[in-house]
Amino acid sequence: MTKPRPAAAAVPPSHNLAPARRDFYQEIAPAHLAPLWEVLGALVTPEPRSVLKPHRWRYADIRPYLLKSAELITAKEAERRVLVLENPALPGQSCITRSLYAGLQVILPGEIAPPHRHTQTALRFVIEGKGAYTGVGGERTPMHQGDFVITPSWAWHDHGSHGDGPTVWLDVLDIPMLQFFEASFREGSDSDEARPEERPQGDSLARYGSNLLPVEGGHGHAGSPVFNYPYDRTRAALEQMRKREEWSPWHGLKMKYVNPVNGDYAIPTIATFIQLLPKGFETRPYRSTDSTVYVCVEGKGRTTIGDQVFDWGPRDVFVVPSWMRHRHEPEADSVLFSASDRGVQEKLGLWREAKEKA
Ligand SMILES: [Fe+2]
């Protein structure tokens, strides 16, 4: 039988151990060890403490820069001619939130952004212009203002324009998430030309977006097989639903874009939403753990985020950091598109919200 060891003597609180601790930290550093007790409070916080800053990008300010970029580099040379929307708290890190990348992409008439594919999933929310298209897996879809277009993970895609002016869309990708997982793969094409059309235009929407599903065969990737959610259909649905005048005090009338095969978010990694806020409505203060990127599609108003007020109009983009109290005040009937990592957080049991009464 071994005798139980006596408990270690408690360190007297008056004893100054700071120099000895510093020496100890230096001693263990070469062994790639570090004391948790020095960082625990910052790692495991009582509630989210976002490093992000709320911010709004006015489209009127950005558009001249987009056009200037088009004078400096072709879509083909750039591969994707995009100005990245960087969160002001994270310059140089190519992200608008900790989990999402966003940028504004411009394409001119006759240009082609050549085919490639990557494991990052992208959404395109069309901001301006007519006559552009996105090709996904051999099907081309026209891009109209307000359309929500998806390029799924590892699907070949390209963009082009037959229009007579610039087309601009907001790209949102899960790039930071894939960086975190170190799971990025990318493949270019041998050709700079657009991939040939192999399926008729509108095929995916007809096949999967008409309250019908094929009885045989799958579509081969995790997200929605519908890759264009046209704005005219979305807007008409919102207009029909508003007749009941059932407004959420926190969201107005807010709907999520879904994968018609399983009812999940249309993109596994990026939850997307559309919401209608009637003129004069004021949402109650709201917080959630998903930092969110908003685009004003129609209308005008302002959003108070923390203690800052950001007014917005059509085509403006703004970002609300995780767990930051915010409220919307539309001055006209307004439609907001938004994107976040809520779907991922929900799947992991992490997502939380706080709805305040006033
Ligand atoms: Fe791409």
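**Iron site, sheet and pockets**

Strands 4 and 9 run antiparallel and are joined by three bridges. The model is a predicted one. In it, an iron ion is held by three histidines, H116, H118 and H157, each through NE2.

- Five strands form an open sheet in the order 7-6-9-4-11, with antiparallel pairing.
- Strand 7 (139-143) and strand 11 (186-188) are the edge strands, each pairing on one side only.
- From one strand to the next, the twist averages 25°.
- Within the pairing of strand 4 with strand 9, I112 stands opposite G160 of strand 9.

**Iron site**

- The distances from the iron ion to the NE2 atoms of H116, H118 and H157 are 2.1 to 2.2 Å.
- Along the chain, the donors follow the spacing H-x1-H-x38-H.
- H118 belongs to strand 4 (residues 112-118) and H157 to strand 9 (residues 157-161), so this pair, 39 residues apart, links distant parts of the chain.
- H118 has a relative accessible area of 8%, and therefore counts as buried, the cut-off being under 20%.
- H157 is also buried, with a relative accessible area of 0%.

**Largest pocket**

- Helix 5 gives the most to the lining of the largest pocket, with five residues.
- By class, the lining of the largest pocket comprises 14 nonpolar, eight polar and five charged residues.

**Second largest pocket**

- Lining the second largest pocket are 22 residues, and Y229, R233, T234, Y257 and V258 lie nearest its centre.
- Two or more lining residues come from each of helix 6 (203-208), strand 12 (228-229), helix 7 (231-241) and strand 13 (253-256).
- Helix 7 gives the most to the lining of the second largest pocket, with five residues.
- The residues lining the second largest pocket divide into 15 nonpolar, five polar and two charged.

Technical notes:
Residues numbered from 1 in each chain as written. Predicted model: local features only at pLDDT ≥ 70, side-chain atom pairs only at ≥ 80, totals over all residues. Heavy atoms only, no water. Donors = N, O, S within 2.8 Å, 3.2 Å for Na, K, Ca; no water. Helix = DSSP H or I, 4+ residues; strand = E, 2+ residues; numbered from the N terminus. Buried < 20%, exposed > 50% of the residue type's maximum accessible area, 1.4 Å probe, protein only. Nonpolar A, V, L, I, M, F, W, Y, C, P; charged D, E, K, R; others polar. 1 Å grid on protein atoms, 1.4 Å probe; cavity = no way out; pocket = protein on both sides within 12 Å on 5 of 7 lines; lining within 4 Å. Pairing = 2+ DSSP bridges. Axes fitted to C-alpha atoms, helices over the stretch in contact; angles between N-to-C directions.
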